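Hi,

Here is the structure I promised to pass on. Have a look at it first, then read my notes below.

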Amino acid sequence: MVESTARRRVLFIEDELSLRTSYERYFTPRYDLAFASSGAEALTLLPAYQPDVTVLDMRLPDTDGIDLLRRIRALLPELPVIITTAYVSIEPQLRVLDLRYSGYIVKPFDLDELRQPIDAAR
């Protein structure tokens with residue numbers, strides 16, 4: 001029997017350089033990674049990179065995360081999206097707007113706490 005060696009492709013949408021660097025150091029041994037530092041960059045990368053999972057920061061320099069999540073849902077309705085944010089208050093708004101997501105993590109968090117929903121997302 002041949003085992004699959006395919007690694008999960010994860011797109012991190014995060015404008016904070018220090019977090020992108022931490023993600024890269026921690027997750028490179030486990031996943032194939034791509035990074036976008038803005039909503040516009042993410043929308044360009046999504047069809048080209050075809051991630052298995054996306055990690056979306058809700059505060060970006062060119063758009064808010066809710067608008068970007070709407071656009072991601074329009075392009076790729078089944079793509080698992082894990083939300084990271086410094087604001088606890090956004091989660092109820094996502095539920096009201098019926099914007100599906102696969103995880104919701106409030107910053108600051110341990111990177112292992114983020115690894116769990118990435119591994120679980122289908």
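A quick definition to start: helices (H or I, at least four residues) and strands (E, at least two) are DSSP runs, numbered from the N terminus. One more thing to keep in mind is that this is a predicted model.

With that, you can find glutamine 50 in the loop between α2 (39–49) and β3. Glutamine 50 isn't a glycine, yet its phi is positive, at about 50°. Glutamine 50 is also exposed, with a relative accessible area of 56%.

Now for strand β4 (residues 81–85). Five of its five residues are buried, so β4 is largely enclosed by the rest of the structure. In a regular strand, side chains alternate between the two faces of the sheet. Here, Val81, Ile83 and Thr85 point one way, while Ile82 and Thr84 point the other way.

What does β4 pair with? One partner is strand β3 (residues 53–57), in the parallel sense over four bridges, and in that pairing threonine 54 sits opposite valine 81 of β4. To get from β3 to β4, the chain goes through helix α3 (residues 65–75), and this β-α-β crossover is right-handed. Strand β5 (residues 103–106) also pairs with β4 in the parallel sense, again over four bridges. There, threonine 85 stands opposite valine 106 of β5.

Last, take a look at proline 108, in the loop between β5 and α5 (111–120). The peptide bond joining lysine 107 and proline 108 is cis, with omega at about -5°.

Cheers

Technical notes
Residues are numbered from 1 along each chain as its sequence is written. This is a predicted model: local features need pLDDT of at least 70, side-chain atom pairs count only at pLDDT 80 or more; totals for chains, interfaces and linings use all residues. Side-chain values use heavy atoms; hydrogens and water are left out. Buried means under 20% relative accessible area, exposed over 50%, partly exposed in between (1.4 Å probe, protein chains only). Two strands pair if DSSP finds at least two bridges between them. A crossover is right-handed if, with the strands pointing away from the viewer, the path from the first strand over the helix to the second runs clockwise.
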